[in-house]
Amino acid sequence: MYHYYAGTNMNPPNVVSFARGDVTGDRVPDYVYLTGIMTPDSPFIQNITLLIQDGRSGGLTSVPLPENAGYNPTLFLGDFTGNGVDDILISINTGGSGGIMYHYIYSFVNNTAQLLFDFHVYNEQYQYEVHYQDDYKVEVVSLINNLKYMIDISTRGSEYLNEIYDENGRLKSPITGFVNPLSGLYPVDFDSNKRYELLAYQKIAGRYNADSLGYVLNTLGWMDNRFVLQDQYVAIFGLH
């Protein structure tokens, strides 16, 4: 039997993720929840909200998320800024074919929510160009740091290559690919100093989204009150 909110056809919120740690900075563990409204007969969750209960006072703070609907919302608590207090990493799967994710990081020092990382801002900052070249090559250009990478696609199947290249390895016509928005943001303590960096995944696609060529991997660290690019790698699939 469902309990309905008055005037709505929606079920009451459920706790969909939970974590415990000191996010206020008073050295007392706090209780951190994601709540959301479940969809009958579907894993889709709406109105996902960050809810923090102060471990010392018991007071509750609700933080609405800008993008608040999706699948499998998860929480991770860890120190990203180096102040010794846990920050809150929220990850939500959009359910789209590209595996695109929503990610936020909040600080909650002194019971004040501050957005440290917003996937929208990241996706706007980290832009790329992907161009097929002659001789079975694809060039990936990262605009934020003006670096270029070359992917060798000569081991792709002949059917794939013959659609794109003539018998001399020349492009039949110009082809551009693209790099997807964030599809994963993972906390990693690369230098074992109890402060987490971020490892961001973005898929490199060729002529269409399922034509996967590899990933751009960016590592980000907190510096001067923001996350900055530390290292960048391009990982390629075993193309055949």
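Predicted model: local features only at pLDDT ≥ 70, side-chain atom pairs only at ≥ 80, totals over all residues.
Visitor: I'm new here. What can side chains of opposite charge do when their charged atoms come close?

Guide: They can pair up.

Visitor: Let's take one. Which residue forms a salt bridge with Arg170?

Guide: That's Asp135, and the closest N and O atoms of the two are 3.1 Å apart. The pair links distant parts of the chain, 35 residues apart. Look for Arg170 in the loop between helix H2 (158–164) and strand S12 (176–188), and for Asp135 in the loop between strand S9 (128–133) and strand S10 (137–142).

Visitor: Next pair, please. Which side chain meets Asp211 in a salt bridge?

Guide: The side chain of Arg156 does, at 2.8 Å from N to O. Here again distant parts of the chain are linked, 55 residues apart. Asp211 sits in the loop between strand S13 (197–205) and strand S14 (212–223), while Arg156 is in the loop between strand S11 (147–152) and H2.

Visitor: Are Asp211 and Arg156 buried or exposed?

Guide: Both Asp211 and Arg156 are buried, and that word means under 20% relative accessible area.

Visitor: And what does Glu163 pair with?

Guide: Glu163 meets Arg207 in a salt bridge, with 2.8 Å from N to O. Glu163 belongs to helix H2 and Arg207 to the loop between S13 and S14, so to speak a link between distant parts of the chain, 44 residues apart. Glu163 is partly exposed at 47%, and Arg207 is partly exposed at 30%.

Visitor: Now the pocket. How much space lies in the largest pocket?

Guide: About 170 Å³. To read a pocket, look at what lines it. Here the lining includes Leu115, Phe117, Tyr122, Gln125 and Arg226.

Visitor: Which element gives the most to that lining?

Guide: Strand S8 does, with four residues. S8 (114–118), helix H1 (119–125) and strand S15 (226–236) each supply at least two residues.

Visitor: What classes of residue make up the lining?

Guide: There are eight nonpolar residues, one polar and two charged. Among the lining residues you'll also find Asp118, Val121 and Phe227.

Methods
Residues numbered from 1 in each chain as written. Heavy atoms only, no water. 1 Å grid on protein atoms, 1.4 Å probe; cavity = no way out; pocket = protein on both sides within 12 Å on 5 of 7 lines; lining within 4 Å. Points joined across faces, edges and corners; volume = space filled by probe spheres on them. Nonpolar A, V, L, I, M, F, W, Y, C, P; charged D, E, K, R; others polar. Salt bridge = Lys/Arg side-chain N within 4 Å of Asp/Glu carboxyl O. Buried < 20%, exposed > 50% of the residue type's maximum accessible area, 1.4 Å probe, protein only.
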